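Let's take a walk through this fold together, with the sequence and the model side by side. Keep both open as you read.

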Amino acid sequence: MARLRGGGGRDVRLLVQGDSLGPGMERMLLAAWGLALRGHEVRWLGRNAPRAAASPEARLVRDHHEPDRRGADIVIGSDRALGAAALSGWRAGAHGMVAALDPARRKAWSPLERWCWSSLDSRAMVEETARDLASAPASALEPERLESWSPEAPPEAPEIAHPDVDRLERACERSLARRRGEGLSPAVFLDRDGTLVVEKGYLADPDDIELIPGVPEALYALRQAGYPIEVISNQSGVGRGLFPLSSVHRAMGRLRNLLRPYGVEIDAVHFCPHLPDSGCGCRKPGIELLERAARDLRLSLRQSVMIGDKLLDIRTGHRARALSILVRTGYGRDEERSLGGAGIEARPDHAFDDLAAAVSWILARERVGRWE
Ligand SMILES: [Mg+2]
């Protein structure tokens, strides 16, 4: 998630309608808090706001006043106060609403509640066991607007790595992607270590995140040109037991927070925590993460570009049929030297000294990708 991208070049902001997250809605409350822990900018309106940030990366602002127009892109609430959530969303100029929902109540919605639901691009978070009920004719919720919570029990306290936060993050991304219209967009997929940030080997401490010079400006230029920015990262340190999943989320949150002053929001972060020999499909050069991002954010892989400092990033791009670019930061220069013995699948379409040079080249073209 992910950082979400708003329309018109503005930052994406999440507005939580706290008054609608009273007793019984703790699952949504904790997941929304988890988004703030991951470095998303979250404004919390009304009651039930968390009292203190639980990590230095948390980006949570308590607010007792409705934000003005263009103050948020997504409003988060529940069906306990659907009208209040929708009203806050309209006032903030939000495009979408993600609401925790009890499908059993749906049949009894008033005409006003139904209208509030349909007045924004709304998505429902339901218990997994209630999905069938929610898509039953009597409830009449479109299946594509249904998202389920994880099968895991909700946490006692906010947890940055809890799968419920993933589920809510993806729901917000999908809601935002719909605003781009029906067509598929090209995107820029970026490796993290050695491409965006200085390679430090199994980086886990957020304080070790150090942007490579020129990266913020390059990402800003990409974003202004309308390219969704997707970070795709192998984080096998988790599988190796070197650091927990929460460290990866905290480091990604730090990356978001370092980029925000430059006007850059990352549209989505996807990473593989598994060991290289785990046989998973999500570790690069597997393309499962790119395919997942493409589904969620309505992207065309073939019109997209993959940029990284390793030959496995290049293989990933080729397998996804995207344009593959090697940067000579991180391991890039050494990887380029080793190309002599590498097969055609590892050969980049282009190589540049750093991300800034790669982005300048991309933006000088009418479009990226193979588009053959
Ligand atoms: Mg790398």
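How many bridges join strand β11 to strand β12, and which way do the two strands run relative to each other? There are 4 bridges between β11 (residues 305-308) and β12 (residues 323-327), and the strands run parallel. Look along the pair and you'll find Val305 bridged to Leu323 in β12, while Gly308 stands opposite Leu326. Bear in mind that what you're looking at is a predicted model.

Next, find the magnesium ion. Which residues of the protein supply its donors? They are Asp191 (OD), Asp193 (O) and Asp309 (OD), lying 2.1 to 2.2 Å from the ion. Along the sequence the donor residues follow the spacing D-x1-D-x115-D. Distant parts of the chain are linked here: Asp193 belongs to the loop between β8 and α7 (215-224), and Asp309 to the loop between β11 and α11 (311-319), 116 residues apart. Are these two buried or exposed? Asp193 is buried, with a relative accessible area of 13%, and Asp309 also counts as buried, at 1% relative accessibility.

Most residues other than glycine have a negative phi, and most peptide bonds are trans. Tyr202 has a positive phi of about 50 degrees although it is not a glycine. This tyrosine, Tyr202, lies in the loop between β8 and α7, and at 46% relative accessibility it counts as partly exposed. Arg298, in the loop between α10 and β11, also has a positive phi, near 55 degrees. Then there's the peptide bond from Lys284 to Pro285, which is cis, with omega near 15 degrees; Pro285 is in the loop between β10 and α10 (288-297).

Let's move to an earlier part of the chain and pick up helix α2 (residues 82-91). Which of its residues are buried? They are Leu82, Ala85, Ala86, Ser88 and Gly89. These residues cover an arc of only 160 degrees around the axis, which puts them on the same side of α2. An α-helix has 3.6 residues a turn, so residues three or four places apart point the same way. The cover over the buried residues of α2 includes β1 (14-17), β2 (42-45), β4 (74-78), β5 (96-100) and α4 (111-119). After α2 comes Gly93, with a positive phi near 75 degrees.

Stay in that region for Asp63, which lies in strand β3 (residues 60-63). Asp63 is buried, with a relative accessible area of 11%. Leaving aside residues up to four places away in sequence, Asp63 touches Arg43, Trp44, Leu45 and Gly46. Its C-alpha atom is 9.0 Å from that of Ala49, 14 residues apart along the chain.

Finally, step back to the whole protein chain. Its secondary structure comes to 13 helices and 13 strands, and buried residues make up 57% of its 372 residues. Of the contacts with a separation of 6 or more, 67% come from residues 24 or more positions apart. The accessible surface is about 15,000 Å², and 49% of that belongs to carbon and sulfur atoms.

Note on methods. Residues numbered from 1 in each chain as written. Predicted model: local features only at pLDDT ≥ 70, side-chain atom pairs only at ≥ 80, totals over all residues. Heavy atoms only, no water. Pairing = 2+ DSSP bridges. Buried < 20%, exposed > 50% of the residue type's maximum accessible area, 1.4 Å probe, protein only. Arc of directions from axis to C-beta. Contact = heavy atoms within 4.5 Å. Donors = N, O, S within 2.8 Å, 3.2 Å for Na, K, Ca; no water. Areas by Shrake-Rupley, 256 points an atom, 1.4 Å probe, with all protein chains shown as cover.
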